[in-house]
Amino acid sequence: MKSLAELQALRDQMKDQMGIRHDAKDNIRVVVGMATCGIAAGARPVLQRLTEEVAKRGLKNVTVAQTGCIGICQYEPVVEVFENGKEKVTYVKMTEDKIAQVVAEHLVNGNPIVEYTIGAAQAEAKD
Amino acid sequence: MEELSLHILDIVENSVSAGATLVEIRIEYRFGEKPWLTITVRDNGRGMSPEVAGRVSDPFYTTRTTRKVGLGTALFRQTAELAGGSFRVWSEPGKGTEVTAELNPLHLDAVPMGDLGGTYGVLVQTSPGVELVLHAVCDGREFTADTRQFREILGDVPLDTPEVIAFLTEFVRENFAEILRGSPLA
């Protein structure tokens with residue numbers, strides 16, 4: 001079972017990796033909606049998977065944060081990606097699998113997955 | 001909500017929005033003659049007037065200006081009442097708020113606790129600057145997860161480092177499973 005002694009060992013391990021920070025200009029901020037609507041729709045496992053994938057790939061330039069309700073509850077879980085000098089990308093109806101793909105395709109390779117964005121979801125609703 | 005731990009996540013998000021710097025979550029199971037679970041979330045946020053506190057679990061009341069409904073506490077009340085329990089809110093402006101839900105954890109309509117570790121990890125990660133104390137008790141066995149203690153151990157290593165969050169999530173999952181061992185919920 002996890003103990004506080006293990007946390008001490010983890011600290012010593014992490015200390016060596018600290019200080020490796022990317023330039024602020026290539027920072028990517030990923031925000032997950034965590035209001036009642038987001039939580040009820042499954043935002044918690046999405047945020048957990050996002051954090052796991054970011055850690056696994058060692059993406060030091062990615063910050064994961066949360067936001068409240070942005071008024072599109074029917075599209076929750078909602079994830080927004082903010083990159084310097086680029087337009088915000090809003091992903092909707094996210095799942096653990098979809099967020100893992102977003103990390104690989106968008107955050108690592110720089111290609112947003114249009115199919116999962118709010119624009120695609122709204123176009124589909126109109127058809 | 002399919003898990004009590006999701007209600008807890010939602011209620012603590014309210015505390016964080018209310019400017020709390022310390023949030024204490026207490027979970028207590030008792031499996032005696034009358035099985036009982038009490039969940040309390042107490043914060044030192046800005047608090048509410050008695051008028052507002054009395055209306056928080058009315059789904060058509062909210063202090064938000066962007067929409068007209070506030071479902072979080074209403075849903076938690078419903079979850080507690082469906083499992084033979086009750087829900088109450090104490091609050092005082094400038095002092096803080098305490099939300100208490102009580103229910104029978106063995107009731108046919110009781111919602112399970114679910115991933116308490118996941119809730120704790122997500123809260124620590126997304127609430128920088130807020131101290132989160134989780135205290136869980138089951139028939140005398142107990143454990144505490146306290147960000148103030150974790151910060152002390154971690155020193156310069158930030159609490160929201162992904163590897164640390166993964167550790168804290170597992171720490172709560174394992175310790176919570178351990179105190180429930182031998183109980184009817186194990």
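## Salt bridges

Over all chains of this predicted model, a search of the whole structure finds 20 salt bridges, a salt bridge being a side-chain nitrogen of Lys or Arg within 4 Å of a carboxyl oxygen of Asp or Glu. In chain A, Lys56(A) pairs with Glu53(A), with the closest N and O atoms 3.3 Å apart. Both residues lie in helix α3 of chain A, three residues apart, about one turn of the helix; helices are DSSP runs of H or I with at least four residues, strands are runs of E with at least two, and both are numbered from the N terminus. Lys56(A) is exposed at 64% relative accessibility, whereas Glu53(A) is buried at 5%. Buried means under 20% relative accessible area, exposed means over 50%, and partly exposed is in between, with a 1.4 Å probe and protein chains only.

In chain B, the side chains of Arg26(B) and Glu28(B) form a salt bridge at 3.3 Å, N to O. Arg26(B) is partly exposed, with a relative accessible area of 36%. Arg181(B) and Glu178(B) also meet in a salt bridge, at 3.0 Å from N to O. Arg181(B) is exposed at 55%, and Glu178(B) is partly exposed at 31%. Back in chain A, salt bridges that share partners join Arg49(A), Glu53(A), Lys56(A), Arg57(A) and Asp97(A) into one network.

## Interface of chains A and B

Contact, defined as heavy atoms within 4.5 Å, takes in 27 residues from chain A and 38 residues from chain B. The two chains bury about 2,900 Å² between them, 69% of it on carbon and sulfur atoms. Buried area is the accessible area (1.4 Å probe) that two parts lose on being put together, summed over both. Of the area that chain A buries against chain B, Lys2(A), Leu7(A) and Arg44(A) supply 24%, more than any other three residues.

Two salt bridges are found across this interface. Arg44(A) forms a salt bridge with Glu3(B), where the closest N and O atoms are 2.5 Å apart.

On the side of chain A that touches chain B, α1 (4-17), α2 (36-41), α3 (43-56) and β2 (62-67) each supply at least two residues. The largest share, nine residues, comes from α1(A). By class, this side of chain A has 15 nonpolar, seven polar and five charged residues. Ala, Val, Leu, Ile, Met, Phe, Trp, Tyr, Cys and Pro count as nonpolar, Asp, Glu, Lys and Arg as charged, and the others, Gly among them, as polar.

## Cysteines

The count of disulfides over all chains is zero, with a disulfide taken as a pair of cysteine sulfur atoms within 2.5 Å. The sulfur of Cys37(A) is 3.7 Å from the closest cysteine sulfur, in Cys73(A), and so is too far for a bond. For Cys73(A), the closest cysteine sulfur is in Cys69(A), at 3.7 Å, again too far for a bond. Cys73(A) is partly exposed, with a relative accessible area of 36%.

## Basis of the values

Residues are numbered from 1 along each chain as its sequence is written, and chains are lettered from A and ligands numbered from 1 in the order in which they are written. Local features need pLDDT of at least 70, side-chain atom pairs count only at pLDDT 80 or more, and totals for chains, interfaces and linings use all residues, while side-chain values use heavy atoms, with hydrogens and water left out.
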